Amino acid sequence: MIAAPSPVALEPARAAALHQSMRTLVSEYIDSSPETREIDAYQAGYKMATESPTSKVLYRKAAESAYRDFMVISDSSTTLDEYVELVYCESEAIFRMQQALFYGENLLDARILNVTAERTEDDPFAHFGIRYKKMSMPLNGVFEPRDTAYLECTGSFVNKKGLRGVYVVRESMDFEEVPPFPGVTRFYIKAIMLYTEWPNGKVESVQLLQANPLGKMPALVFNKTAMNYSHISDDNAKYLQQKRLLMWIHSHKPKHPSGKTKVCSSCAGAFRGLRARHECWGCFESMCGKCVVSIHRVLTLPDGGMKATPEEFCKRCYVQARSHRTSSSGLSLRRLHGPSEDDMSPRGSHHSTHSSRSNCSHETRSSSGNESGHETNFAVIDSAAMEAQLSQMQLAIETQRYLVAQMRERLEAQVI
């Protein structure tokens with residue numbers, strides 16, 4: 001039996017104090033608007049590390065160690081609702097799935113130890129609890145695995161300028177129920193993720209990371225590792241699609257086909273010559289190597305542990321799952337409204353009664369379409385041909401996205 005943490009119990013008074021302290025921690029960053037974000041970072045002592053057309057990575061020396069604090073400012077590849085769908089985890093199984101997508105085979109364990117507050121209709125991103133994860137470090141076998149138990153607080157907000165957004169705050173903390181385990185070094189993290197929507201609909205992502213691996217790990221090695229992990233959010237759209245695919249397969253439970261086909265189920269290429277045959281883990285149909293999408297999924301071990309292992313999926317399943325929505329997307333942030341005279345940031349227990357102008361117009365169009373019935377006539381003409389064309393276009397788009405992600409991983413591997 002593996003050594004594993006136990007569920008953590010928090011007294012109501014202590015839980016309320018910790019919850020409030022984490023909400024206070026994120027307040028100062030909520031009030032810093034996207035227009036002044038970089039200036040505020042420079043005033044806080046950050047320096048530019050790397051810059052690209054869509055993101056900027058800044059750093060500063062940590063106050064009490066040789067390690068660096070990082071700040072990443074970038075354009076988010078997801079909407080606020082999509083980010084909530086990706087990040088919010090209703091169960092430990094989904095939490096493990098999400099972490100395996102982020103960290104792959106480096107993830108050794110992930111658990112939810114406490115849930116004190118959950119989402120509400122007023123705030124579909126509200127959560128407060130304790131989580132645990134264990135990971136292997138770079139040069140596995142040279143450095144011991146690291147683990148940490150941390151508080152996590154999430155929620156939505158509307159800042160003083162009327163911009164809406166969501167936040168995630170994580171901070172390591174010691175608990176009696178999570179003692180040190182043999183062969184594992186405890187590490188410390190403090191992280192803030194802030195996603196703010198501009199008036200034009202674009203979403204700005206801000207990530208702040210303070211970490212100390214403890215143990216015997218050179219600052220040079222850990223700083224490079226922390227900087228690499230700071231780019232995880234660049235692939236949020238990819239991770240969301242992968243999560244949707246795994247959830248879609250779990251809900252549909254496809255059956256094995258009666259026999260092997262002679263052509264690829266995705267591109268219809270014939271299996272001959274050097275075209276190897278692969279089997280999709282989702283639909284169990286045959287596919288060629290060009291149509292393979294590798295995604296990590298979680299295997300639950302007999303002793304209660306877990307293992308993240310890569311599986312091969314076909315592009316057809318990958319595209320079909322795009323329209324699937326996980327249970328995390330059941331509630332929307334559209335109900336958030338601009339600040340009132342009693343505005344509070346981050347968002348508390350106040351109930352939203354208004355929606356943004358764009359959402360009102362969207363809901364008006366939807367309701368007027370249902371009443372008049374005129375909008376449905378546009379989709380009737382040759383819907384089968386239209387659906388086929390859209391599927392081909394979607395497949396081409398997803399293929400390009402996947403190729404770009406592969407090229408990015410190769411470039412990052414060369415840099416390391």
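This is a predicted model: local features need pLDDT of at least 70, side-chain atom pairs count only at pLDDT 80 or more; totals for chains, interfaces and linings use all residues.
How many aromatic pairs does a search of the whole structure find? The search finds 8 aromatic pairs.

**First stop: Tyr-67 and Phe-222.** Select these two residues and display their side chains. Their rings form an edge-to-face pair, with 5.5 Å from centre to centre and 80 degrees between the planes. Tyr-67 belongs to the loop between strand S2 (55-61) and strand S3 (68-75), whereas Phe-222 sits in helix H5 (residues 219-229), so the pair ties together parts that are 155 residues apart in sequence. Both Tyr-67 and Phe-222 are buried.

**Second stop: Tyr-88 and Phe-125.** Here the ring centres are 6.3 Å apart and the planes stand at 50 degrees, so the pair is tilted. Tyr-88 is found in the loop between helix H3 (80-87) and H4, and Phe-125 in the loop between strand S4 (107-117) and strand S5 (127-135); the pair therefore ties together parts that are 37 residues apart in sequence. Tyr-88 and Phe-125 are each buried.

Select residues 92-103 for H4 and residues 236-252 for H6; the two helices pack at an angle of about 135 degrees, with their axes 10 Å apart. H4 and H6 are therefore oblique to each other, and their crossing is right-handed. To view the contact, show Ile-94, Met-97, Leu-101 and Phe-102 of H4 together with Tyr-239, Gln-242, Lys-243, Leu-246 and Met-247 of H6. By class, this contact has 7 nonpolar, 1 polar and 1 charged residues.

Conventions:
Residues are numbered from 1 along each chain as its sequence is written. Side-chain values use heavy atoms; hydrogens and water are left out. Axes are lines fitted to C-alpha atoms, for helices over the stretch in contact, and angles run from 0 to 180 degrees between N-to-C directions. Helices (H or I, at least four residues) and strands (E, at least two) are DSSP runs, numbered from the N terminus. Angles under 35 degrees count as roughly parallel, over 145 as roughly antiparallel, 65 to 115 as roughly perpendicular and the rest as oblique. A crossing is left-handed if the near helix is turned anticlockwise from the far one by less than a right angle, and right-handed if clockwise. Contact means heavy atoms within 4.5 Å. Ala, Val, Leu, Ile, Met, Phe, Trp, Tyr, Cys and Pro count as nonpolar, Asp, Glu, Lys and Arg as charged, and the others, Gly among them, as polar. Rings of Phe, Tyr and Trp (its six-membered ring) pair if their centres lie within 6.5 Å; planes under 30 degrees apart count as stacked, over 60 as edge-to-face and the rest as tilted. Buried means under 20% relative accessible area, exposed over 50%, partly exposed in between (1.4 Å probe, protein chains only).
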